Structures are given as C-alpha cells and as structure tokens.
Amino acid sequence: MLVEPTNIEFGGNGAFVKDNENLIIIDAPEEATKKLNDAKAFDNINNIYIIITHSHYDHVAGLGILIWYSNFYLKIKPNIIYSKNRFKRTLNKLLKITGVHDNLFTFIKDNEVNLSFKVDILPTTHSKGLDCFGIMFTDNTGKYYYTGDTNDINFVRKLNDEKEVKKIYCEVATETYDVHIKYDDIKDLDKEKFVLMHFDKIELYNKVKKDGFNVGK
Ligand SMILES: [Zn+2]
Ligand SMILES: [Zn+2]
C-alpha cells in the first residue's frame with residue numbers, strides 16, 4: 001500500500017509565516033533550510049518557531065539541518081511548538097538519535113507562545129500509529145487553518161462553512177490512500193478560501209490550477 005505518496009518533483013511539504021522579527025516554520029522537509037533561505041525567510045528575524053505536524057519523513061527529514069543552521073549560522077536557538085506531550089517526546093527521540101543535541105532547541109507549548117496571533121495545534125487523523133496535527137492560527141481578522149496531512153474530510157468541509165475561517169491551506173491527493181484528502185471530495189468547496197498543497201501527482205497539480213484553485217508554491 002502506498003501510505004505516503006510523496007512527489008519527488010515537488011519535494012516535501014511545509015510553509016512559513018513571518019510575524020515581525022519572528023519566523024514560524026511549519027514542517028521541515030528535506031530541502032527546507034535551502035528553500036527558506038532562497039525565499040529570504042531568514043532575513044531580519046530574531047526568533048524561530050518550528051511546528052511539526054507529524055513525523056512522516058517528507059515533513060521532518062530536514063529538521064536536524066534546520067536546527068543546526070539556526071544555531072550555527074543564524075545564532076538563533078529555535079523553539080519547537082507542540083501541543084501533546086507524547087509528540088514532544090517523539091521529536092526529542094528523533095532529534096537525539098540523529099545527533100541534534102537538546103541544548104540546540106527549546107520546546108514551547110502552543111498556548112504559551114507569544115506572537116501577534118494565536119496558535120492552536122489540533123490533533124487530526126492521518127496515519128495509524130502516528131500523532132498528527134493541523135494548525136489553527138487566529139488573529140483579529142479571523143482564523144487560518146493549515147491541515148498538515150489529514151484524511152479528516154468532515155473537519156475540512158466544516159471549516160469551509162465557518163464564516164470566521166478565512167483560509168484553509170489544505171493537502172489533497174488523487175485518492176485518499178486511506179490517509180489523505182481526495183480532491184474530488186473537496187472540489188465543490190469555496191475556491192477563494194482554499195490553498196491546495198501536497199499533491200501526489202503533477203497531473204493533479206495541473207488539474208486543480210485549471211479548476212481555479214490556488215496552490216502552494
Ligand atoms: Zn504524512
Ligand atoms: Zn506528507
């Protein structure tokens with residue numbers, strides 16, 4: 001079974017948000033540090049926050065490099081934002097066995113983060129045996145949701161109907177493969193609200209653009 005279809009043309013999946021001197025990075029795929037650098041994400045920042053949605057390789061393969069780069073090149077010790085203690089222990093273990101010493105990062109709970117918006121890391125369903133999360137950002141303009149990887153189609157459709165939800169950064173795939181959102185199950189939803197990402201196939205990427213959806217870069 002194809003559990004985690006990852007398209008090597010696109011690379012892994014992640015995002016970043018800049019909030020004044022704060023850089024918030026969501027997931028760290030293999031080439032994250034280089035791509036963030038190319039996008040000038042590290043310019044004029046003093047703090048780095050990292051949120052990992054789950055421990056599939058296409059979301060964490062570049063985490064150690066990102067932490068090393070932050071410490072040794074940028075001289076910034078990153079904060080890893082988490083909500084569930086068990087997942088904090090998972091990340092700690094992953095970093096430890098890959099040689100990333102725990103004095104190079106700090107863990108901070110989502111409800112203790114001090115940014116100009118609220119961060120809520122919410123459990124979702126994706127892959128059996130893994131803790132997986134989506135992220136809700138809330139500011140005075142509304143709510144913005146990043147799905148991470150998920151197969152919770154009902155939650156995505158519910159967010160589509162909520163007025164205060166302004167944007168949904170949503171993963172899609174050609175099929176659910178039991179772990180993803182199938183494009184056909186959301187293609188009737190509000191195109192203005194969605195930014196689609198994490199495509200399993202180039203053909204799907206081309207199709208959703210042709211259908212009028214925004215796509216992640
Ligand atoms: Zn995944
Ligand atoms: Zn993934």
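How many helices and strands does the protein have? The protein has 6 helices and 11 strands, where helices (H or I, at least four residues) and strands (E, at least two) are DSSP runs numbered from the N terminus. This is a predicted model, in which local features need pLDDT of at least 70, side-chain atom pairs count only at pLDDT 80 or more, and totals for chains, interfaces and linings use all residues. Residues are numbered from 1 along each chain as its sequence is written, while chains are lettered from A and ligands numbered from 1 in the order in which they are written.

**Confidence**

- The average pLDDT of the protein is 94, and 95% of the residues score at least 70; pLDDT is the predictor's confidence in each residue, from 0 to 100.
- Residues 1-6 stay under 50 in pLDDT, and the model has 11 contacts for them beyond four places in sequence. Two residues are in contact if their C-beta atoms, placed from the backbone, lie within 7 Å.

**Overall dimensions**

- A compact globule with 217 residues would have a radius of gyration near 17 Å, and the protein agrees, at 17 Å. The radius is taken over C-alpha atoms, and the globule rule is 2.2 Å times the number of residues to the power 0.38.
- The C-alpha trace spans about 45 × 40 × 35 Å along its principal axes.
- Of contacts between residues at least 6 apart in sequence, 57% join residues at least 24 apart.

- An open sheet of 5 strands runs in the order 1-2-3-4-5 with mixed pairing; two strands pair if DSSP finds at least two bridges between them.
- Strand 1 and strand 5 (106-109) each have a single partner strand and stand at the edges, so one side of each has no neighbour in the sheet.
- From one strand to the next the twist averages 25°; axes are lines fitted to C-alpha atoms, for helices over the stretch in contact, and angles run from 0 to 180 degrees between N-to-C directions.
- Strand 1 (residues 15-19) and strand 2 (residues 22-26) are antiparallel and joined by 5 bridges, with Ala 15 opposite Ile 26.
- The hairpin of strand 1 and strand 2 has 2 residues between the strands, and Asn 20 takes a positive phi near 55° there.
- Strand 3 (residues 47-51) pairs with strand 4 (residues 79-82) in the parallel sense over 3 bridges, and Ile 51 stands opposite Ile 81.
- Strand 4 also runs parallel to strand 5, joined by 4 bridges; Ile 80 has Phe 107 as its bridge partner in strand 5.

**Burial and the core**

- Of the 217 residues, 36% count as buried. A residue is buried if 20 or more other C-beta atoms lie within 10 Å of its own, exposed if 12 or fewer, and partly exposed in between, with C-beta atoms placed from the backbone.
- In strand 4, Asn 79 and Ile 81 point one way and Ile 80 and Tyr 82 the other way, and all are buried.
- The largest nonpolar core has 50 residues, and Ile 50, Ile 51, Cys 170 and Val 172 have the most contacts inside it. Such a core is a set of buried Ala, Val, Leu, Ile, Met, Phe, Trp, Tyr and Cys residues joined through C-beta atoms within 7 Å.
- Beyond its neighbours within four places in sequence, Val 172 has contacts that include Ile 181, Tyr 183, Leu 196 and Phe 199.

**Asn 85**

- Asn 85 lies in helix 4 (residues 85-97) and is exposed, because 10 other C-beta atoms lie within 10 Å.
- The C-alpha atoms of Asn 85 and Lys 109 are separated by 9.1 Å, and the two residues are 24 residues apart along the chain.
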